[in-house]
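Me: I've got a structure to go through with you. Can we start with the charged pairs and then move on?

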Amino acid sequence: MAQRDVKNRIASVQNIGKITRAMEMVSAARLRKAEERARQLRPYADALRKMTRQAASAAGSGEMQALPVLQTHDEERRVAILLVTADRGLAGAFNSQILRAGLERADEVEAEGREVAFYATGRRGVSSLQFRNKPVIESYTGFTDAPSVTHASRIADDLVGAFVDGQIDRVEIIYNGYVSPLVQEVRRETLLPLAAASVVGDDDAADAAPEDGGGHKALVEYEPDPAEILAELVPEFVQVSLLRALLESAASEHGARMTAMRSASDNASEVIDTLTLAMNRARQAEITQEIMEVVAGAEALN
Amino acid sequence: MAHAPFRAEVLTPDGALFAGEVEQVSTRTVAGEIGILARHSPLLGRLEPAELKLTEPGGDVTRYVQTGGYVQIAADGNVLLLAEEAYPVDEYSKSDAQARLDDAEERLGRAEAGTEAHRIATIAHRRAKALVALGDRL
């Protein structure tokens, strides 16, 4: 390769390196934000759980058990699988590992003679499913790097509605759980039917710490009455679980992109080193060539 | 006249919006407008889209918009507001609220009458409408 060509290639690799480094830094900043938001959700979820416990004890145990979102359907004919992916790629295995886990799970479900209904968040997941001719019942896109409660509540409304109406008999969610900036793990959780334990927490904690006002049950006012407020509170947990998964997935997405961009930047420096070496070699070869020619010319004169 | 202070907390899924001493909390539950002073009797209520006013000791009033949620008054009179979304009143956007209402309308139109999906869409629609109407009263 001539010196000039190598020089051009070095310049273009340097530019790529600059871009990937910038993307790495942007992802790192967004990661911190997403991580913080996932953490902020916890006190809200805990408070919601306390209120639900209070409403449940006021409404009586029967009311809670009778709520449709807690019911296991007698016959599970149709299983909804919600794949949580990203709108953008360039994040290593982030999207593909969710898709793979989703398709594997779908095969399992179908092997058991049940039907699969795909739901997906993120353009990557939606387009991959469509590419494989898997119909997507509902898709949600445009927010995966910064999901809000509005998005979660919209998805929750669709899923709870379809579940209670019997169009789907179980809802599973597959997402990238956030372990650390460098580590994401594929998690599969059952969203519906809701487990009563996830709503009111484990019984020991409930018994050990009676809620404020719980001891004066008769004195507490309820607007609307306890059974109605309980029926509104319990489905909120679907929304909260969803939001938590979306936020963890967003943090994981930024983490995965940060890692992917870091190794891209490292690769770029490695390529630059190799190319610089090649350029030096080419330059040296040219110099050697010229010296040889000068020496040969001088010898010819002698 | 100054009222006795009590503790109030406003929690959203995005974190604590307010935590501190207040003299009065005014908001709206499904049963209507409610003004909470110190030593209010215990309550658990469902919040409607409305203005949320916190009067701090000294008379400073902080105004928020809440889109829904729950309010709990504990036996000791402390107040906890769990708001699905809440933000300072000057961040309210009529066009956002209208976009939500359009979305809710479209979803309601798609849902089949008598189903749970329809019931959920009806509630979302009623709330979106209340949020739009709130814009004129701020």
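Me: Which side chain does A:Arg187 meet in a salt bridge?
Reply: A:Glu185, at 2.9 Å from N to O. A salt bridge here is a side-chain nitrogen of Lys or Arg within 4 Å of a carboxyl oxygen of Asp or Glu. This is a predicted model: local features need pLDDT of at least 70, side-chain atom pairs count only at pLDDT 80 or more, and totals for chains, interfaces and linings use all residues. Side-chain values use heavy atoms, with hydrogens and water left out, residues are numbered from 1 along each chain as its sequence is written, and chains are lettered from A and ligands numbered from 1 in the order in which they are written.

Me: How accessible is A:Glu185?
Reply: A:Glu185 is partly exposed, at 38% relative accessibility. Buried means under 20% relative accessible area, exposed over 50%, and partly exposed in between (1.4 Å probe, protein chains only).

Me: How many salt bridges are there over all chains?
Reply: The count comes to 32.

Me: What about A:Arg114, which partner does it have?
Reply: A:Glu76, with the closest N and O atoms 2.9 Å apart. The pair links distant parts of the chain, 38 residues apart. A:Arg114 lies in the loop between α3 and β2 of chain A, and A:Glu76 in the loop between α2 and β1. Helices (H or I, at least four residues) and strands (E, at least two) are DSSP runs, numbered from the N terminus.

Me: Is A:Arg114 buried or exposed?
Reply: Buried, with a relative accessible area of 17%. A:Glu76 also counts as buried, at 17%.

Me: Which residues are linked with them in a network?
Reply: The salt-bridge network includes A:Arg105, A:Glu108 and A:Arg170, along with A:Glu76 and A:Arg114.

Me: Now across chains. What does B:Arg110 pair with?
Reply: A:Glu138, in a salt bridge with the closest N and O atoms 3.7 Å apart. The pair runs from helix α1 of chain B to strand β3 of chain A. A:Glu138 is partly exposed, at 23%.

Me: And β3(A), how does it run relative to β2(A)?
Reply: Parallel, with four bridges joining the two strands. Strands pair if DSSP finds at least two bridges between them. A:Ala120 has A:Ser139 as its bridge partner in β3(A).

Me: Switching to chain B. What do β1(B) and β2(B) form?
Reply: A hairpin, with two residues between the strands. They pair in the antiparallel sense over seven bridges. B:Val10 stands opposite B:Phe18.
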